[in-house]
Amino acid sequence: MKKLMAANWKMYKTVEEGVQTATELMQLLTSNSLQDREVLLCPSFTMLGAVGPILSKVPGCFLGAQNFYPAGQGAFTGEIAPEQLKALGCTYALAGHSERRHVLGEPDEFIGQKIVFGLHSGLNMILCIGETIAERQAGKVEEVLARQLAMGLANALSMATAKTLAVAYEPVWAIGTGEVAGPAEIMAAHAFVRAQLVSLLPEYGQKIRILYGGSVKPDNARTIIHLDNVDGVLVGGASLQAKSFSQIVLA
Ligand code: PEP
């Protein structure tokens with residue numbers, strides 16, 4: 001399985017700015033072979049339709065959504081459905097990002113509903129998990145990760161495969177703070193997630209990609225990407241510029 005190098009643009013950029021960054025990124029990536037890497041870009045909904053065709057010019061680059069509502073269609077004002085995302089070229093979606101858990105207040109059950117509905121709709125899902133600094137200091141890292149994995153995947157076990165599911169370990173204290181988890185912390189968490197995945201999904205657990213996220217930058221990406229059980233990265237801030245994200249992708 002190729003390493004998945006994912007960009008989360010969060011609520012940044014106008015359509016015009018997104019098109020410009022995606023265009024620059026594709027220029028930087030076409031001149032270099034992606035080899036064992038795949039690239040995923042998750043921009044705001046507003047620019048999915050404009051950015052998708054730019055990505056599709058480079059094999060191995062995919063479009064993803066940062067969020068969706070787990071229903072086919074209906075009276076859900078302000079929400080967006082998987083089918084609407086797929087019609088714009090999305091093949092991936094995130095669920096459980098820490099900003100949705102902690103800023104928007106999404107509980108584990110709702111995230112589990114999104115994983116099921118996303119898989120059922122034919123999207124590849126990335127389940128984001130991670131502990132807060134208070135949970136880490138209280139010695140609860142494994143407890144939190146086990147709960148978020150079990151509840152996130154509770155009703156999805158029959159649908160999740162190594163292709164359709166990835167997990168992103170993103171310690172909340174490392175997101176957007178410039179504070180990166182050290183190699184030992186990353187390896188310990190990823191080994192724990194791997195063991196949980198193998199136990200939940202004996203057939204695919206060994207191969208499901210586990211991404212690391214949390215202040216990944218061009219100067220630390222190479223070390224992180226080569227750690228045991230790190231099968232990719234999920235990048236926020238450093239993905240907003242084509243040059244820095246391309247350096248991470250090719251690290
Ligand atoms: C993220 O948004 O998932 C993230 C990891 O952000 P940053 O790289 O800015 O820490």
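**Note on the cavity, the pocket and the ligand site**

1. The structure holds one cavity of 30 Å³ or more, a cavity being a set of points, on a 1 Å grid over the protein atoms alone, where a 1.4 Å probe fits but cannot get out. The model is a predicted one, in which local features need pLDDT of at least 70 and side-chain atom pairs count only at pLDDT 80 or more, while totals for chains, interfaces and linings use all residues. Residues are numbered from 1 along each chain as its sequence is written, and side-chain values use heavy atoms, with hydrogens and water left out.

2. The largest cavity contains about 30 Å³ of space, a volume being the space filled by probe spheres set on the grid points, which are joined across faces, edges and corners. Its lining (residues with an atom within 4 Å of a point) includes Gly96, His97, Arg101, Cys128 and Glu170. Helix 4 (98–102) and strand 5 (124–129) are the elements that give two or more residues to this lining, where helices (H or I, at least four residues) and strands (E, at least two) are DSSP runs numbered from the N terminus.

3. The largest pocket, with about 420 Å³ of space, is an open set with protein on both sides within 12 Å along at least five of seven lines. Of the 14 residues that line this pocket, Lys10, Met11, Gln66, Arg100 and Leu104 lie nearest its centre, and by class the lining has six nonpolar, five polar and three charged residues.

4. Glutamine 66 sits in the loop between strand 3 (61–65) and helix 3 (82–87), and with a relative accessible area of 19% this residue is buried, a term that means under 20%. A polar atom of the side chain of glutamine 66 lies 3.0 Å from the backbone oxygen of lysine 10, and the side chain of glutamine 66 also reaches the backbone oxygen of cysteine 42 at 3.0 Å.

5. The ligand is surrounded by 14 residues, the closest being Lys10, Glu170, Gly176, Ser215 and Gly236, where near means that a heavy atom lies within 4 Å. A side-chain N or O atom of lysine 10 is 2.8 Å from an oxygen atom of the ligand, and backbone N or O atoms lie 2.8 Å from a ligand oxygen atom in serine 215 and in glycine 237. The protein covers 98% of the 290 Å² of accessible area that the ligand has on its own, by the Shrake-Rupley method with a 1.4 Å probe.

Methods:
A polar contact is a pair of N or O atoms within 3.5 Å; within protein, one must be able to donate a hydrogen and the other to accept it, and residues adjacent in sequence count only if both atoms are side-chain atoms. Ala, Val, Leu, Ile, Met, Phe, Trp, Tyr, Cys and Pro count as nonpolar, Asp, Glu, Lys and Arg as charged, and the others, Gly among them, as polar. Buried means under 20% relative accessible area, exposed over 50%, partly exposed in between (1.4 Å probe, protein chains only).
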